[in-house]
Amino acid sequence: MKMLKDEILSKGIVLSEGVLKVDSFLNHQINPVLSLEMGKEFVSRFDQTSFTKVLTIESSGIAPAFTTALELGVELVFARKKKSLTMSDHVYTADVYSFTKQETNTITVSKDFINESDQVLIIDDFLANGQAALGLAKIVEQAGAKVSGIGIVIEKSFQPGRQVLLDAGYNVESLARIHSLKNNQVRFVDETVLV
Ligand code: G4P
């Protein structure tokens, strides 16, 4: 997606060979115009109208998931990383290990918001090791619903997440696929060196 790649190139900061900082449009400050375009792009990539729900995880997944849900005309659910005060035990949970942060979070979704007739589109901001997306998929499957696609804003293709999700049988679409962050350069999977 050209608009996203341009934003990565103009505003992304390569922190190391493994980490790209995109706080100025995705992870802290949010570019709403880009977010709207991302929602449209996800819907066009999956090219189907059968989704009944969008699922993401707080916090940075919410903006692109919201615009995708808006475009599809369905509701968005976000998994919580910490149980909220008002949440009962009527929940689905999954443990998500973050290799980046070396910690496990138990993510939670109320049973009220996903049911067995749902066809769910999972959206997340980054794909690194695939653990967050797998955790969300586990929740969908606990509900007896179907994961009909996984949409990722920025995929770090030099990490195993994409293959993990493909091996698990999911359909994955990423709006920007990063081949490497070596030498302080963002190199996309299409091999074009920019920056
Ligand atoms: P995984 O889900 O693919 O296995 O990823 P991992 O555990 O490695 O990532 C944990 C957190 O770090 C996630 O955010 C993920 O989005 C983020 N992350 C991973 N690699 C990068 C990167 O190169 N750049 C940036 N900016 N973030 C990265 P989170 O902790 O859930 O944050 P948030 O959604 O609350 O903002």
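Visitor: Which residues are linked in a network of salt bridges?
Guide: Start with the general idea. Side chains of opposite charge can pair when their charged atoms come close. The cut-off for a salt bridge is a side-chain nitrogen of Lys or Arg within 4 Å of a carboxyl oxygen of Asp or Glu. Here Glu41, Arg45 and Glu173 are joined in such a network. The model is predicted, so to speak with its own cut-offs: local features need pLDDT of at least 70, side-chain atom pairs count only at pLDDT 80 or more, and totals for chains, interfaces and linings use all residues. Residues are numbered from 1 along each chain as its sequence is written, and side-chain values use heavy atoms, with hydrogens and water left out.

Visitor: How many salt bridges does this rule give?
Guide: The count is seven. One of them joins the side chains of Asp6 and Lys2, at 2.6 Å from N to O.

Visitor: Where do Asp6 and Lys2 lie?
Guide: Helices (H or I, at least four residues) and strands (E, at least two) are DSSP runs, numbered from the N terminus. Both residues sit in helix H1 (residues 2-11). They are four residues apart, about one turn of the helix.

Visitor: Is Glu155 buried or exposed?
Guide: Read relative accessible area: under 20% is buried, over 50% is exposed, and in between is partly exposed (1.4 Å probe, protein chains only). Glu155 is buried, at 1%. It forms a salt bridge with Arg162, with the closest N and O atoms 2.7 Å apart. Glu155 also forms one with Arg177, at 2.9 Å. Glu155 lies in strand S8 (residues 146-156) and Arg177 in strand S9 (residues 172-180), so this pair ties together parts 22 residues apart in sequence. Arg177 is partly exposed, at 29%.

Visitor: What is the order of the strands in the open sheet?
Guide: Strands of a sheet pair through backbone hydrogen bonds, either parallel or antiparallel. Two strands count as paired if DSSP finds at least two bridges between them. This open sheet has six strands in the order S4-S3-S7-S8-S9-S10, with mixed pairing. Strand S4 (75-79) and strand S10 (187-188) stand at the edges with a single partner strand each, so one side of each has no neighbour in the sheet. S7 (residues 119-127) and S8 pair in the parallel sense over eight bridges. Asp124 stands opposite Ile152 in S8.

Visitor: How many residues surround the ligand?
Guide: A residue qualifies if one of its heavy atoms lies within 4 Å. The ligand has 21 around it, the closest being Leu20, Ser60, Lys81, Thr100 and Lys101.

Visitor: Which side chain has an N or O atom 2.9 Å from a nitrogen atom of the ligand?
Guide: That is Asn27. A ligand oxygen is 3.0 Å from an N or O atom in the side chain of Ser98. Another entry is Ala128: one of its polar backbone atoms is 2.8 Å from an oxygen atom of the ligand. The protein covers 84% of the 730 Å² of accessible area that the ligand has on its own. Accessible areas come from the Shrake-Rupley method with a 1.4 Å probe; for residues, only the protein chains shown count as cover.

Terms used:
Polar contact = N/O pair within 3.5 Å; in protein donor to acceptor, adjacent residues only side chain to side chain.
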